[in-house]
Amino acid sequence: MKGQAMAGIGQNDRTPRYGISNVSEQTGISAYTLRYYDSCGFFPDLWRSPGGTRKFSDADLAQLTLVHSLRQSGLSIDGIRYVVRLQKHADHGTQEISSIIKRQIDVLEMRIAETNQCLEHLQTLSKRYPNGSYDRYAH
């Protein structure tokens, strides 16, 4: 996510500051995806004008960072909804959220290892095709 610098005031600041197009431009997340995340209930405290215009606070941007990172790591929409519900229960929810985040880190590390292995394999194979010709004896 490119715009983490937008959250310069503080993660707990709930002052509505950023329109959806500004958030989209700064983060690289489409306005469509932001609206979808909102419709999923991922921003329970998102401010709306009487006309329905969304304004994101720094706290909402911190939430967006969490939500989008979890989604990019492969966690399902229902899984993220579960995390959002856990956030409301500070007494026992934080430990479970931490566990979910650690699981997703493991998933990403496995993906990285698989991707690196594939890259090495393709680099080896590319030596068999110098200048567009095939050399089955190249190693």
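Good morning. Please keep in mind throughout that the model is predicted.

I shall begin with the overall arrangement. The protein contains 5 helices and 3 strands. The protein has 139 residues, and 31% of them count as buried. If we take the contacts between residues at least 6 apart in sequence, 59% join residues at least 24 apart.

How many residues does the largest nonpolar core have? It has 23 residues, and those with the most contacts inside it are Val23, Leu34, Phe42, Phe56, Leu64 and Ile80. At least two residues of this core come from each of helix H1 (20-27), helix H2 (31-39), H3, H4 and helix H5 (90-126). Of the contributors, H4 gives the most, with 5 residues.

Which residues does phenylalanine 42 touch, once its neighbours within four places in sequence are set aside? Its contacts are Tyr37, Gln63, Val67, Ile77, Ile80, Arg81 and Val84. Among these partners, Ile80 is also one of the residues with the most contacts inside the core.

I now come to the cysteines. Is cysteine 40 buried or exposed? Cysteine 40 has a relative accessibility of 9%, and because this lies under 20%, the residue counts as buried. Cysteine 118, by contrast, has a relative accessibility of 43%; this value lies between the limits of 20% and 50%, so cysteine 118 counts as partly exposed. As for disulfides, the count comes to 0.

Finally, I shall describe the largest pocket. Its volume is about 270 Å³. Two elements give two or more residues to its lining: helix H3 (58-72) and helix H4 (77-87). Which of the elements gives the most to this lining? That is H3, with 4 residues.

The residues that line the largest pocket are Gln11, Asn12, Arg14, Pro44, Asp45, Ala59, Asp60, Ala62, Gln63, Val84, Gln87 and Lys88. By class, this lining comprises 4 nonpolar, 4 polar and 4 charged residues.

Terms used. Residues numbered from 1 in each chain as written. Predicted model: local features only at pLDDT ≥ 70, side-chain atom pairs only at ≥ 80, totals over all residues. Heavy atoms only, no water. 1 Å grid on protein atoms, 1.4 Å probe; cavity = no way out; pocket = protein on both sides within 12 Å on 5 of 7 lines; lining within 4 Å. Points joined across faces, edges and corners; volume = space filled by probe spheres on them. Nonpolar A, V, L, I, M, F, W, Y, C, P; charged D, E, K, R; others polar. Disulfide = S-S within 2.5 Å. Buried < 20%, exposed > 50% of the residue type's maximum accessible area, 1.4 Å probe, protein only. Core = buried A, V, L, I, M, F, W, Y, C linked by side-chain atoms within 4.5 Å. Contact = heavy atoms within 4.5 Å.
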